[in-house]
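Subject: Structure handover

Hi,

Here is the structure you were waiting for. My notes follow below it.

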Amino acid sequence: MTVLEFKRKRPRLQAGGEIEINNDASEEYCGGSFRRKGNRFQYAEKTQSQGVEIVLAYRDLCAAFTVVGRLAGDPCCTLLAVQNFSGKTVELEIHAEIVTERLGFVKLFRASGVYVAAGRGINELIVSLLTALEQDSPVYPTQARPGWSTDFSSYVMANGEVIGRADPPPYLRGKRPDRHVRYPEGGRGRYPQFALATGNPTLLTAVGAALAPVLLRPLGLEGFGLHLDGESGLGKSVALLVAGSAWGDPGKERQSCAGTTNALLARLAAADDGPLVADELGEIGLRGRGDIAYAVGNGGGKSRCRVDGSLRPTVSFRTVMLSAGEMSYRALVESSKDGEGAAGQNARLLDLPAEGSAGGIFDELHGRGGSYELSQELRDCVRQEHGILARAFITSILSDLGTVRREWGQFGPAFRVRCVPVNASAQVDRAGQSYAVIAFALRRACGVIPRWRGLEQEMETAVATCFGRWLDARGGAENGELLRLVEGLRAFLETQAARFMPMTSGGPSSLTPPPNAAGILLQNRSGDSDLHLLNTAVFKEIKGRMNVEAAARMLFKAGLLRGYGADPEKYRWRYQLRLGSGRQSSPRYFYAIESSIFSYGVANNEN
């Protein structure tokens, strides 16, 4: 019997994630009953005559494939690169159940659009061929999602491209090959859209937010969101296009928010260690809008159970969500079925007013005739060149990660000292850290983009300007619950002034308030208003979801509510007055609101 020696080449998974099959017709691989000639795998139909094995003919077994290697974490999983009917290479993961199933390969190949011969024994022949080819095949680590490897030695892009020095490079399961890079003529990035972004704080902050998620995991920081809000036609979508062009085709990087909250959470998980660029946040469902901010900030959604009651694995991620819409995120939450939002939501998903001094979001037009002309030029730039900046930025971070961490240790606190007001609430301090990450990402990008070199101070000033705009739109640096409570009380006192019965301080209390009275306007002898005595029921209605005691104590600490008692920790807030005379007199309870509430927010904003 003639025995043919089996010859094979050991394939390698390239760093770019692309697997090619050699279709050179001059090469021939033989072994046992198989051979590969050109782009075809063939098996031999044999017969024996006088003890000699004779090959009658070679029949096509299946389409050409290459054993790339075995995937770590699943010893029975082999990765194949196979050509389908259109000549495109597809990747197939071969698990143990496919090998042991009677027609496993035949079903898998046909479902993937790959040619496989018909007839008995074809599946067994492919199993035999695969067993021979996968001997001593390399083992590759796997990643379920794009992003950093566990040891920060490499970063895997969404299309499977590996940036870094990992050997062997990790394999990305569920890669998205449509996330590609487009270089200009000459092969080097010129970054025209980012050069036009200089001088425009809102545009620069959006670009920094798109680069910031690369820094979150190495620096041990939490994710956050940035929402551009403003009327239509300001250029918000252009800002998202420019920011998304750092990673790839802006038309594919920018996603729609139409769908459920769970669908958006799945997109956040798929964008791990990268940005999620989502336009028109108002298209998301009316229920669960408030959960988005907590999911982005906390790095995961709600825990859920299976049908049998066991706990499902919780998806975790670290990302930056960059969105836009005509309404602010706070207004979107309040208009949803969830009702009134929480102050912590606005500290995790930050509302940034889309405004500029030169029209739309722009402050600098770079000699163009108007904001529309600059917007159109930016659209042309991102179509011609995209996907380059993020790869260059990640490469610069990988080159010296220790230096990046040391620089952040100095820059982060310094930025917060410069921008965050003294005695600001923890919510404002958290937002200040998010803006500090954006500013730090832009500073690091100055070493990547040639036209940004030497502009580190301008980048920091641009982000500080946007942080100031966010702080002004918020109403101050105080606790968010306090600002919301003050806003509600002030609006009620101004619009319902006719429902307050005037009374002179020290005067008679024999007047009976009308049935619809909201309280008493207590005036001093000169006629100036001294206190608004607010009815208990009205106060409970205005304070919203907050606990009555917590709301009263918060107002007292801000100097907007009077209290009494020997121990400040046990102060009482409700004052009792007996109004009317004779049998008609009855005790009424009021909260004493200081007149300084009308200037509280205004004074803080002016400072």
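How many helices and strands does the chain have? The chain has 21 helices and 23 strands. Helices here are DSSP runs of H or I with at least four residues, strands are runs of E with at least two, and both are numbered from the N terminus.

Some ground rules. This is a predicted model: local features need pLDDT of at least 70, side-chain atom pairs count only at pLDDT 80 or more, and totals for chains, interfaces and linings use all residues. Residues are numbered from 1 along each chain as its sequence is written, and side-chain values use heavy atoms, with hydrogens and water left out.

**Whole chain**

Of the 607 residues in the chain, 49% are buried. Buried means under 20% relative accessible area, exposed means over 50%, and partly exposed lies in between (1.4 Å probe, protein chains only). The accessible surface comes to about 28,400 Å², and carbon and sulfur atoms account for 48% of that. Areas come from the Shrake-Rupley method with a 1.4 Å probe; for residues, only the protein chains shown count as cover. Take the contacts between residues at least 6 apart in sequence: 64% of them join residues at least 24 apart. A contact is heavy atoms within 4.5 Å.

**Strand β4**

Strand β4 covers residues 52-63 and includes V52. V52 is partly exposed, with a relative accessible area of 42%. C62 is also found in β4. C62, however, is buried, at 2% relative accessible area. Beyond its neighbours within four places in sequence, C62 touches F41, F109, Y115, V116 and I126. Its C-alpha lies 9.5 Å from that of Q83, 21 residues away along the chain.

**Helix α17**

Helix α17 runs over residues 456-474. Its 19 residues reach 27 Å from first C-alpha to last, close to the 27 Å expected at 1.5 Å a residue. That expected span is 1.5 Å times one less than the number of residues. Which residues of α17 are buried? Among them are M459, V463, F467, W470 and L471. The cover over the buried residues of α17 includes α5 (201-211), α15 (401-419), α16 (426-445) and α18 (480-495). After α17 comes G475, with a positive phi near 110°.

**Sheets**

Two strands pair if DSSP finds at least two bridges between them.

- Strand β6 (residues 78-83) runs antiparallel to β7 over six bridges. T78 has I94 as its bridge partner in β7.
- Another open sheet has three strands, β10-β11-β12, with antiparallel pairing. β10 (147-148) and β12 (162-164) stand at the edges with a single partner strand each, so one side of each has no neighbour in the sheet. Two bridges join β10 to β11 (residues 154-156). G147 has V156 as its bridge partner in β11.
- Strands β19 (residues 500-504) and β20 pair in the parallel sense over five bridges. T504 is partnered by Q523 in β20. Why is β20 largely enclosed by the rest of the structure? Because four of the five residues of β20 (residues 519-523) are buried.

Best wishes
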